[in-house]
Amino acid sequence: MSQDSDARCASHPEVLATAICRRCGSFLCASCARPFEQDVLCEACLGRQFRAPEVSWRAWLAFSLGIAGVVFGLVPGLLGWWVAEWEARRIDRGESPPGGRTFVDAARKAGWLCAAGLGVTCVALLYWFSTH
């Protein structure tokens, strides 16, 4: 910010601004400016950097079923895969919060793992029944 600017701090209008928040564009005085990595942020934007992303109940359900499928049996993982695909389409359309994308991706991978396990189990059973 240039020295000859008479922009005022958004929180303290009586004080000249010395920085601009890189996230929201608010003018900041020296006491309001918060360094973050190579940028300067206001207090509100700094807090947003560390807030957990919003995740829908469907993304949590898909993730939980995926983990249950890997740990306890294959069928919950396949159901989790189906829920994950459904939720991924909702995220893509903007109907669900994007913070669930990581959970959906993990549930998809767990679903693939469960599908592969089910396939190997079926082949092994077919082989066993054909030889006995």
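This is a predicted model: local features need pLDDT of at least 70, side-chain atom pairs count only at pLDDT 80 or more; totals for chains, interfaces and linings use all residues.
Local features were considered at pLDDT of at least 70 and side-chain atom pairs at pLDDT 80 or more, whereas totals for chains, interfaces and linings use all residues. Residues are numbered from 1 along each chain as its sequence is written, and side-chain values use heavy atoms, with hydrogens and water left out.

The protein contains 4 helices and 4 strands. Both were assigned as DSSP runs numbered from the N terminus, with helices being H or I runs of at least four residues and strands being E runs of at least two. Along the sequence the elements follow the order β-β-β-β-α-α-α-α. The radius of gyration is 25 Å, well over the 14 Å that the globule rule gives for 132 residues, so the protein is more spread out than a compact globule. This radius is taken over C-alpha atoms, and the globule rule is 2.2 Å times the number of residues to the power 0.38. Along the principal axes, the C-alpha atoms fill a box of roughly 90 × 25 × 20 Å.

Of the 132 residues, 30% are buried. Buried denotes under 20% relative accessible area, exposed over 50%, and partly exposed the range in between (1.4 Å probe, protein chains only). The protein exposes about 8,900 Å². Carbon and sulfur atoms supply 62% of that area. Accessible areas come from the Shrake-Rupley method with a 1.4 Å probe; for residues, only the protein chains shown count as cover. Contacts are defined by heavy atoms within 4.5 Å. Among contacts with a separation of 6 or more, 33% join residues 24 or more positions apart.

The side chains include 13 positive and 12 negative ones. Lys and Arg count as positive and Asp and Glu as negative, while His and the chain ends are not counted. The centres of the two sets lie 6 Å apart. Each charge is placed at NZ of Lys, CZ of Arg, CG of Asp or CD of Glu.

The structure holds 8 salt bridges. A salt bridge requires a side-chain nitrogen of Lys or Arg within 4 Å of a carboxyl oxygen of Asp or Glu. One of them pairs R108 with E85, with the closest N and O atoms 2.9 Å apart. R108 belongs to helix α4 (residues 101-131) and E85 to helix α3 (residues 74-92), so this pair ties together parts that are 23 residues apart in sequence. R108 is partly exposed, at 24% relative accessibility. E85 is also partly exposed, with a relative accessible area of 24%. Another salt bridge joins D92 and R101, where the closest N and O atoms are 2.4 Å apart. D92 is exposed at 56%, whereas R101 is partly exposed at 25%.

E87 and R90 form a further salt bridge, with a closest N to O distance of 3.6 Å. The two residues are 3 apart in helix α3, a separation of about one helical turn. E87 is buried, at 0% relative accessibility. R90 is buried as well, at 18%. Both belong to a network of salt bridges that links R58, E87, R90, R93 and E95. Residues up to four places away in sequence aside, R90 touches R58, E95 and S96.

L65 lies in helix α2 (residues 57-72) and is buried at 18% relative accessibility. Leaving out residues up to four places away in sequence, L65 touches P76, G77, L79, G80 and V83. The C-alpha atoms of L65 and W82 are separated by 9.9 Å, the residues being 17 apart along the chain. G111 lies in helix α4 and is buried, at 0%. Beyond neighbours within four places in sequence, G111 is in contact with G77, L78 and W81. G111 and L79 are 32 residues apart in sequence, and their C-alpha atoms are 7.7 Å apart.

One backbone feature concerns the strand region. E37 is situated in the loop between β3 (34-36) and β4 (39-41). Its phi is positive, at about 55 degrees, although E37 is not a glycine. Most residues other than glycine have a negative phi. E37 is exposed, with a relative accessible area of 69%.
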